[in-house]
Amino acid sequence: MFVRSPHAHARIRKVDLAKAAKAPGVLAVYTGEDIAKAGINGLPCGWLITDVNGQPMKEPPYPVLAQGKARYVGDRVAVVIAETYNQAKDAAERVEVDYEVLPAVVDAAAARKQGAPAIHDIAPDNTCYVWALGDKAKVDDAFKAAAHVTKLEFVNNRLIPNAIEPRSAIGAYSRADDNYTLYVTSQNPHVERLLMTAFVLGLPEHKVRVVAPDVGGGFGSKIYLYGEDVVVTWASRQVNRPIKWTAERVESFMSDAHGRDHVTTAELALDKDGKFLAMRVHTAANLGAYLSTFASCIPTILYATLLAGQYTTPQIYCEVTAVFTNTAPVDAYRGAGRPEATYVVERLVETAAREMKIDPAEIRRRNFIKSFPYQTPVALMYDTGDYQATLDAALKLGDVAGFAKRKEEAAKRGRLRGLGYSCYIEACGIAPSNVAGALGARAGLFEAGEVRVHPTGKVTVFTGSHSHGQGHETTFAQVVASRLGIPVEDVDIVHGDTSKILFGMGTYGSRSLAVGGTAIVKAVDKVIAKGRKIAAHLMEAAEADVEFAEGVFKVSGTDKQVPFAQVALTAYVPHNYPLDKLEPGLNENAFYDPTNFTFPAGSYVCEVEVDPETGRTTIESFVAVDDFGKVINPMIVAGQVHGGLTQGIGQALLEGCRYDPETGQLVTGTMSDYCLPRAGDVPSFRLDTRETPCTHNPLGVKGCGEAGAIGAPAALINAITDAIGVREVPMPATAETVWRALASQKAA
Amino acid sequence: MPVKVSMTVNGKPVAAEVEERTLLVSFIREHLRLTGTHVGCDTAQCGACTIHMNGNAVKACNMLAMQAEGADILTIEGVAAADGTLHPMQEAFREHHALQCGFCTPGMVMSAIDLVKRHPKPTEAVVRAELDGNFCRCTGYHNIVKAILDAAPKVAAMR
């Protein structure tokens, strides 16, 4: 049981453990001081951002248990380990902490003001970095020459991920072999092990096994190395028995890494025909109290680089100020930077269209990128896409032609009907490693796969990707089965265990099939290549004459053939085998480091009705047409889109994390205060896909996990603002918010 | 003070001595080792802990084991037939890809079975309204709703 700070910002004068230590069942109690004495380092950040002044970002220590100060409500101050959970909980109440409460600051703008309380000594102005991308002078010039400028100021609301399975960790030390095992709800067990052993605990990496077998949802929140994981691993040796911790939901709310939280001013310059000339964006990003594992790259590398969207905007400048506050650390949450970018682009585009009285679909058409590859002004090179095709399909599926009639009919019922578009792009499978390294990444971004063919021709595939609901067990098995021409039942997928899988970077950023799947394909191809040699020997043919299809090796132009299973058996029973030239066995692994990102894109059309009496919005229709490249399993892809859309709708209509600005208390700290979407809040979705295969991976796939969450918020807010005729409605557009927007419009 | 509790769980009588404050869900998970019933929120919001007590869906995280004294409890482990054949509701969830991470699924299935018992021919609107007490963060509910609508007549036909 972790004792957590009830204060947003407080000096820890003294922690008295005497009473807790004597409580029934207690085995040990530790504080930040004990952690420091044990030589345990703080949690590292995996991405270095360089400030516009050329200096590295400020990286304050992120201790696993607070040392000296607590910096947000929920910060870990002490840990109580007892025989049972209830005993630990009881004892935790007897830990007496003497706090000197300090003034707190929770939002980015306030944190940068003169006189704001300094959260870390090394960042007295609470600024982690100021970072910029693009040519400011050229952008400013383009604005001066523009026929029209659209300017919006908005907040991209802070979200709390809320995977339904809370985080959990079991640390177990074995004296017999001096090994540690950590069972943990992680999306990337190898990275967790690497960070924990090499940077935090200083343990030999090969003596620590991290297992994350069957994780109940992540959405980003389980990518990171958390202090709880470190504590249970370390303490399991101190008390010489396994230690289990499972978050209560209030702890999930307080201490899981949150998402989003941008305050943005965005401007779009257009010529008289609605052609985009330039975009200028200033964002303040709230990073929370500490730098979480990938926090620094989310509002920069994964945000500003997406501001071209699907359009040929020639000049873009984006400046990001990243700020520490007395709130939970913020990191990647489904979409991670890309939803924020899409919201900027698609709200600007839609608003500009309305201001210039151009049809919102038409203004998009005039500005779509039409030839590929396309180099954007914000560093990315799109390999392929057909934005016109997805938009046309969405217009048709959403019967946009019939909208005017539906709006009229709704008006008769006293309802305000609105239509909103969102044409998003995302960059998935972040890569290649050397480019990411040059941009500050402190990790590789490849993936590893191993294909183990058993003597009977059955196959076990080991992947460094991690499935926590994405169904890799199905999709990856399909890929392998079809490539080897064997039944899908003959393929098993193993993931989430550092003792079984050679290495892995895990699952996030919609990378699994494009990167992890490709690593597996490469390993399968090595298996086939070796199989061809064995088959050639068996059939007494030249290797060049042996072809492989449908699970059978054949000598071309003859009826000689051997099935895959026979080749597998021969590899393990090498009696008739070219032992002088070839090793026995049929087991191959591969690492794949992509040459580029993949660029899924799509068009969403949302139709809402607003009840002007209550401000309540209902989604009447939601159409999503996505281009994910090749689709391996349409059912799983549709499921990913449904889930993503619902999280996007949650952000737009329902979810918003609130900290009290005075006390820094988390106001939305339970499921009754933080509104997750329920079944009745969302419609049945209408989906379709278009397909421009990715040009640089053998499967032609792009990734689908985050699209819905990226594209949906702008579509919703565009529809609501269309319905009520108000320029800007903040997210979440709750009934009260919309009602107030309508009321202030009436008053005006 | 430990107290004695006894009840029927999935057709079998069970009895144990537990701390008074033991929640029904903890009794089911930790004493009976029936870990299919999940804990997602501790506050009766998410519905992952939904079980049937005396034929009605209830949230096992929000009552004491003592309160279930003498009750007839059905957990997700008792839903499939003895030979392992899935209940039509489970089969429909499987068929329609109505689960992704699977954490909410046991509670969803228990709620859904209760739902179609009360509404043998539910509309989509009824299903969505009745799922009010169960959160799913993965599926966007789309395929859960589809599965329940598909399973409803099959569940009705069981009786």
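## Overall build

Among contacts in chain A between residues at least 6 apart in sequence, 79% link residues at least 24 apart. The model is predicted. Chain A holds 19 helices and 28 strands. Of its 748 residues, 57% are buried.

The C-alpha trace of chain A spans about 90 × 70 × 50 Å along its principal axes. Its radius of gyration is 27 Å, which agrees with the value near 27 Å for a compact globule of 748 residues.

## Domains of chain A

The domain assignment divides chain A into domain 1 (1–101), domain 2 (167–246), domain 3 (262–430 + 596–747) and domain 4 (446–592). Domain 3 is given in two segments, 262–430 and 596–747. Between domain 1 and domain 4 of chain A, the C-alpha centres are 47 Å apart.

Strand β9 of chain A covers residues 168–174. In a regular strand the side chains alternate between the two faces of the sheet. On the covered face of β9(A) are A:A169, A:G171 and A:Y173. The uncovered face carries A:S168, A:I170, A:A172 and A:S174.

β9(A) pairs with two strands, both described here. With β10(A), residues 179–184, the pairing is antiparallel over six bridges. A:S174 has A:N179 as its bridge partner in β10(A). The two strands form a hairpin with four residues between them. In that turn, A:D178 has a positive phi of about 55°. With β12(A), residues 243–246, β9(A) pairs in the antiparallel sense over four bridges. Here A:G171, on the covered face of β9(A), stands opposite A:I243.

Strands of a sheet pair through backbone hydrogen bonds, either parallel or antiparallel. Four strands of chain A form an open sheet with mixed pairing, in the order β18-β26-β27-β28. The edge strands are β18 (416–425) and β28 (686–689) of chain A, each pairing on one side only. Neighbouring strands of this sheet are turned by 15° against each other on average, direction ignored.

β27(A), residues 617–627, pairs with β28(A) in the parallel sense over four bridges. One pair of partners is A:V623 and A:R686, the latter in β28(A). Helix α11 of chain A, residues 387–397, lies across β18, β26 (601–610), β27 and β28 of chain A. The helix runs at about 30° to β26(A).

## Chain B: two domains

The domain assignment of chain B gives domain 1 (2–77) and domain 2 (88–158). Their centres, taken over C-alpha atoms, are separated by 22 Å. In the contact between them, 15 residues of domain 1 of chain B meet eleven residues of domain 2 of chain B.

On the domain 1 side, β3 (50–53) and β4 (56–59) of chain B each supply at least two residues. β3(B) gives the most, with three residues. By class, this side of domain 1 of chain B has six nonpolar, nine polar and no charged residues.

## Where chain B meets chain A

How many residues of chain B are in contact with chain A? Chain B contributes 29 residues, in contact with 32 residues of chain A. On the chain B side, the elements that give two or more residues are α4 (124–130) and α5 (142–158). The residues of this side of chain B divide into 13 nonpolar, ten polar and six charged.

How values were computed:
Residues are numbered from 1 along each chain as its sequence is written. Chains are lettered from A and ligands numbered from 1 in the order in which they are written. This is a predicted model: local features need pLDDT of at least 70, side-chain atom pairs count only at pLDDT 80 or more; totals for chains, interfaces and linings use all residues. A residue is buried if 20 or more other C-beta atoms lie within 10 Å of its own, exposed if 12 or fewer, and partly exposed in between; C-beta atoms are placed from the backbone. Two strands pair if DSSP finds at least two bridges between them. Domain bounds come from an automatic or database domain assignment. Two residues are in contact if their C-beta atoms, placed from the backbone, lie within 7 Å. Ala, Val, Leu, Ile, Met, Phe, Trp, Tyr, Cys and Pro count as nonpolar, Asp, Glu, Lys and Arg as charged, and the others, Gly among them, as polar. Axes are lines fitted to C-alpha atoms, for helices over the stretch in contact, and angles run from 0 to 180 degrees between N-to-C directions. The radius of gyration is taken over C-alpha atoms; the globule rule is 2.2 Å times the number of residues to the power 0.38.
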